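Reader: I have the sequence and the model open side by side. Please take me through them one question at a time.

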Amino acid sequence: MSDEQLINDIISGNHAAFKSLMEKYQQQVFRTVMGFVHTKEDAEEVTQDVFIRVYQSLSTFQHNAEFSTWLYRITVNASLNALRSNRKNRLLQSLETIFSLRSEEKTPLEELEYAERNKRIGEAIDSLPEKQRTAFILSRYEELPQKKIAAVMNRSEGAIEQLLQRAKENLKKKLSIP
Amino acid sequence: MKTEQHIDEFIRREKETIPNPYLSTRVMAKIEGLEKVERKKNTLWQTLALAAGMAAVAFLGVSIGSSDVKSGTKERILNINDRQIENLGYYNLGEDE
């Protein structure tokens with residue numbers, strides 16, 4: 001069933017259609033949110049908020065853009081809002097998650113180095129300016145083409161290319177310092 | 001070059017994270033809960049509106065009733081003193097009495 005058919009069904013009160021739409025896009029939303037918040041629990045919570053928001057504002061969806069583009073916009077906004085309102089808690093949780101990403105084959109010292117490196121990478125991504133971070137996450141986590149990122153962020157493709165270039169440089173700078 | 005690899009590895013790990021399989025069920029339950037609250041709110045408003053309407057109608061009825069009494073004729077009190085009324089029994093007496 002196409003997105004348009006599903007949306008029409010949902011607007012006419014079909015709850016099952018919304019569940020189908022959600023199952024279709026859940027992974028996409030969750031992955032994107034994960035790029036911003038880095039913890040499974042927070043990502044699930046934000047994903048839930050995103051779909052509730054989608055359900056409540058679906059009747060206002062104009063079909064001018066693709067549904068997935070509209071959904072990405074809502075996802076990015078919800079993730080940034082969640083980060084702004086829950087910065088302290090998130091930092092502690094993300095450190096816990098990063099430390100829990102360990103491999104059985106590593107020695108304790110290697111594990112410590114691995115955890116430390118993940119922590120630094122997470123912090124470096126989080127410290128990018130909002131627009132650079134959004135472009136970076138959509139490009140690397142979702143592997144979206146620049147044209148799609150431009151549509152989501154309402155910018156030109158050239159601007160997205162610049163944002164991605166600057167994000168890459170900034171990450172290199174931040175991570176090259178021992 | 002190594003930094004790039006580490007970033008790729010970090011992103012790959014995060015992308016592999018799978019959400020709770022019951023997430024969609026949880027969201028549906030939440031949406032239904034929100035709709036119930038919304039419906040309850042609407043019912044409450046309807047009840048309040050009905051109560052306010054009834055009170056307004058009662059008040060209006062009382063006001064109209066009161067205004068009608070005020071605009072009517074003046075009250076008159078008939079005070080009858082029985083002692084001053086002529087005893088009609090006298091007129092009923094016969095000649096021979």
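This is a predicted model: local features need pLDDT of at least 70, side-chain atom pairs count only at pLDDT 80 or more; totals for chains, interfaces and linings use all residues.

Reader: How far apart in space are Lys36(B) and Phe10(B)?
Author: Along the chain, Lys36(B) and Phe10(B) are 26 residues apart. From C-alpha to C-alpha, the distance in space is 42 Å.

Reader: What share of the residues of chain B counts as buried?
Author: The secondary structure of chain B comes to two helices and zero strands. Chain B has 97 residues, and the share that counts as buried is 6%.

Reader: And what share of the residues of chain A counts as buried?
Author: Chain A has nine helices and zero strands. Read along the sequence, its pattern is α-α-α-α-α-α-α-α-α. Of the 178 residues of chain A, the buried share is 34%.

Reader: Which element gives the most to the side of chain A that touches chain B?
Author: Here 27 residues of chain A are in contact with 18 residues of chain B, contact meaning that C-beta atoms placed from the backbone lie within 7 Å. At least two residues of that side of chain A come from each of α2 (15-37), α3 (40-57), α6 (108-126) and α9 (157-176). With nine residues, the element that gives the most is α2(A).

Reader: How many charged residues does that side of chain A have?
Author: Ala, Val, Leu, Ile, Met, Phe, Trp, Tyr, Cys and Pro count as nonpolar, Asp, Glu, Lys and Arg as charged, and the others, Gly among them, as polar. By class, the side of chain A that touches chain B has eleven nonpolar and eight polar residues, and its charged residues number eight.

Reader: At what angle do α6(A) and helix α1 of chain B pack?
Author: Arg117(A), Asn118(A) and Ile121(A) in α6(A) meet His6(B), Ile7(B) and Phe10(B) in α1(B). By class, this contact has three nonpolar, two polar and one charged residues. The axes of α6(A) and α1(B) (residues 2-16) are 10 Å apart, and the angle is about 85°.

Reader: How is α6(A) oriented to α9(A)?
Author: Axes are lines fitted to C-alpha atoms, for helices over the stretch in contact, with angles from 0 to 180 degrees between N-to-C directions; under 35 degrees counts as roughly parallel, over 145 as roughly antiparallel, 65 to 115 as roughly perpendicular and the rest as oblique. The axes of α6(A) and α9(A) come within 10 Å and cross at roughly 140°. The two helices, α6(A) and α9(A), are therefore oblique.

Reader: Which residues of α9(A) make the contact with α6(A)?
Author: The residues of this contact divide into four nonpolar, no polar and two charged. On the side of α6(A) are Arg120(A), Ile121(A) and Ala124(A), and on the side of α9(A) are Leu171(A), Lys174(A) and Leu175(A).

Reader: Which residues in α2(A) does α1(A) meet?
Author: The axes of α1(A) (residues 3-11) and α2(A) come within 7 Å and cross at roughly 140°, so the pair is oblique. From α1(A), Leu6(A), Asp9(A) and Ile10(A) meet Ala17(A), Phe18(A), Ser20(A) and Leu21(A).

Reader: Where does His38(A) lie?
Author: His38(A) has a positive phi of about 65° although it is not a glycine. His38(A) is buried, with 27 other C-beta atoms within 10 Å. Its place in chain A is the loop between α2 and α3.

Reader: Is Asn154(A) buried or exposed?
Author: Asn154(A) also is not a glycine, and it has a positive phi of about 60°. It is found in the loop between α8 (146-153) and α9 of chain A. With 10 other C-beta atoms within 10 Å, Asn154(A) is exposed.

Terms used: Residues are numbered from 1 along each chain as its sequence is written. Chains are lettered from A and ligands numbered from 1 in the order in which they are written. Two residues are in contact if their C-beta atoms, placed from the backbone, lie within 7 Å. Helices (H or I, at least four residues) and strands (E, at least two) are DSSP runs, numbered from the N terminus. A residue is buried if 20 or more other C-beta atoms lie within 10 Å of its own, exposed if 12 or fewer, and partly exposed in between; C-beta atoms are placed from the backbone.
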